[in-house]
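This briefing goes through one structure by topic. Please look at the sequence and the model before reading the points.

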Number of protein chains: 2
Amino acid sequence: MKKRATVIDVAALAEVGASTVSRYLRNVPVKPAVAKRIREAVETLGYELDETARALRVGRTRTIGVILPKISNVFFSQAMQLIEEEARQRGCTVIPLTHQDRMSQQQDNLAKLRRYRADGVIITCAPGTLATDVQVALPHIPIVAFDSYLSSEIDSVLLRNREAARIGTEHLLGHGYKNIACVTGRPDIYSFKERIAGYTEVMTSRQLRPNVITAPDYDQLRFLLGVALQGKNRPAALLSLSDFATLNVLTTFRELALKPADRVPIIGFDDFGFAPLVDPPLTVIRQPIETMVRYALNMLFSRIDGTASKETQAISLPGELICRRSCGCA
Amino acid sequence: MKKRATVIDVAALAEVGASTVSRYLRNVPVKPAVAKRIREAVETLGYELDETARALRVGRTRTIGVILPKISNVFFSQAMQLIEEEARQRGCTVIPLTHQDRMSQQQDNLAKLRRYRADGVIITCAPGTLATDVQVALPHIPIVAFDSYLSSEIDSVLLRNREAARIGTEHLLGHGYKNIACVTGRPDIYSFKERIAGYTEVMTSRQLRPNVITAPDYDQLRFLLGVALQGKNRPAALLSLSDFATLNVLTTFRELALKPADRVPIIGFDDFGFAPLVDPPLTVIRQPIETMVRYALNMLFSRIDGTASKETQAISLPGELICRRSCGCA
DNA sequence: CTGTTAGCGCGTTCAA
DNA sequence: TTGAACGCGCTAACAG
């Protein structure tokens, strides 16, 4: 079991100093003849940089933390995939950490990233998170809020949540539905709060009574949906604020064994592969995930590199209404 | 901008030696009075362990690498979520790396995990991977193959792929369908090869001609499916080997605007939230992901801790046929 | 352009 | 039980 080669081994074989090897490896100019000897030594010894040693010395790990509610979720798994790809291209690795909407777990995540000295952090906050919570938890570490907003001092990239909700609500109104309900789990999550606000604005501006169906957990949400759908003041259409909420709505339809005619038109947030294949094909508001991720990582890395301007940015991007049939469109 | 406290700072404040602090932090017995002083010093200084320094010294990073084809995929995103949770419970972090079924990218991933000194690796191999490829890439690092198999010398945990495919095929035969086709992308991936074998066994044992519809990429797969479905020798039923293949089959149905009567019964692999909600509700073979992940991590950590026996294990777990209606069941 | 030297923060000798 | 000293592998500072 021979040990891995170090810069010193390479230096010895190439008959140069260790720092010259280090320089060569970091593309600092080195005399061609020397470079060649080092290259060969690296080759024959199979030398590979030890990131742990480099991290200790330099204080940078080439690692970014990604804190999010859950990975197994269409929106976030797509985001994680894209983040991993972008990070790879920049020579970084990603440490994903989930908080499952629990503040305490989120704080544990932050502590972990401190211990591992992540160079930067992308975070989708747990409900109730204050800007100071994450700022004091991550002193001097670049942060980008993704699909959430912390304060004007922290970069963020989000969907134009209110606008998107307004568009969805108005589309439903355009079909002639008046009694539109808005359904979501966890109304305390930032993006959902905003979407609720957008929905409510439209409804009240038309003198319609907003009706937000929500519950602390999704079992209760399905229950409430059941009573709403079977009650006398049955909603005429639904605006669902996330893919997971939509899943629960459709599941409730199924559990209630509603006849197609009794099923309520619905628009959901988030697009995904199977959306066109459910019955009826789901009309959704698509988030521009690729763009969101690209912005988030550009901002994060420009902070890490110190090439960012002082001012923080709050990027907000439009959603796209993808009309299929569940909204009532032919 | 005050720097973070180190063991030395803590030692100074507690008026002990640095090594005593280190011992205290690792729960090595220390005199109670001393322990108290250290505890207080840690508290007032806000000391936190630096994992990068520890890693350099100890040679272990408390980090496991997870190499997989893609995160944005129902099966793997579920797996990643569970892996993250299990790893968290063991005080580890996860580095996810995707290879998108490309060998070269997989080799890059392996090199990265070497540089970051991952303590262990869970890998779902890219097609064409040889056992030696990963063994030489990861010298002396514990490896568990997940949803793939490398050799008898490497631990693995998989679905009983052949059995599962047999069950699915037999179920379709039980409905009276004879001309059953098997559809999958990437037939060179281990699990798919096995599933194809299981399907083929059943078909040939009944003197039926196996018909594997496959293509190097999913666009071509949809095209081939289209011609098959519209040809004269139209399959009577389909066995789809992955959630993604199923997505493509159903998409093809839709693209072809097949009338419900003309749609072909289908059984797919992998269960997911929207499966009961597509039209018709999807019959699937569910993989026991939770159990698979638990086994994988148990095996990996017992190797890392050195508590594992010498012999390697190849765990294979049964799939569960979840009958909904797409298979032809009432 | 190059080599020598000195730590980064920890855990582990070893001797007390 | 404790502390002093060393070194993990690397890069930054300095001198040549």
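Predicted model: local features only at pLDDT ≥ 70, side-chain atom pairs only at ≥ 80, totals over all residues.

Residues are numbered from 1 along each chain as its sequence is written, while chains are lettered from A and ligands numbered from 1 in the order in which they are written. Helices (H or I, at least four residues) and strands (E, at least two) are DSSP runs, numbered from the N terminus.

**DNA strands**

- Around DNA strand C there are 25 residues, of which A:Gly17, A:Thr20, A:Lys31, B:Thr6 and B:Ser19 are the closest; a residue is near a strand if its C-beta atom, placed from the backbone, lies within 6 Å of it.
- DNA strand D has 26 residues around it, and A:Thr6, A:Ser19, B:Gly17, B:Thr20 and B:Lys31 come nearest.
- H4(A) gives the most to the surface near DNA strand D, namely five residues.
- The surface near DNA strand D consists of 13 nonpolar, six polar and seven charged residues.

**Contact of chains A and B**

- Each side is counted separately: 38 residues from chain A and 38 residues from chain B take part, with contact meaning that the C-beta atoms of two residues, placed from the backbone, lie within 7 Å.
- On the chain A side, H4, H5 (74-89), S2 (93-98), H6 (103-115) and H11 (243-255) each supply at least two residues.
- By class, the chain A side has 17 nonpolar, 10 polar and 11 charged residues.

**Sheet in chain A**

- Six strands form an open sheet of mixed pairing in the order S7-S6-S8-S9-S10-S12; two strands pair if DSSP finds at least two bridges between them.
- S7 (211-215) and S12 (320-322) of chain A are at the edges with a single partner strand each, so one side of each has no neighbour in the sheet.
- S6(A) (residues 180-185) and S8(A) (residues 237-240) pair in the parallel sense over four bridges, and A:Ile180 has A:Ala237 as its bridge partner in S8(A).
- H9(A) (residues 190-205) lies across S6, S7 and S8 of chain A and runs at about 175° to S6(A).

**Helix pairs in chain B**

- Axes are lines fitted to C-alpha atoms, for helices over the stretch in contact, and angles run from 0 to 180 degrees between N-to-C directions.
- H1(B) (residues 7-14) packs on H3(B) (residues 32-45) at about 125°, with the axes 9 Å apart.
- The contact uses B:Asp9, B:Val10, B:Leu13 and B:Ala14 of H1(B) and B:Arg37, B:Ile38, B:Ala41, B:Val42 and B:Leu45 of H3(B).
- This contact of H1(B) with H3(B) has seven nonpolar, no polar and two charged residues.
- H10(B) (residues 218-230) and H11(B) (residues 243-255) pack at about 50°, their axes being 9 Å apart.
- Residues B:Tyr218, B:Leu221, B:Arg222, B:Leu225 and B:Gly226 of H10(B) meet B:Asn248, B:Val249, B:Thr251 and B:Thr252 of H11(B).

Notes. Nonpolar A, V, L, I, M, F, W, Y, C, P; charged D, E, K, R; others polar.
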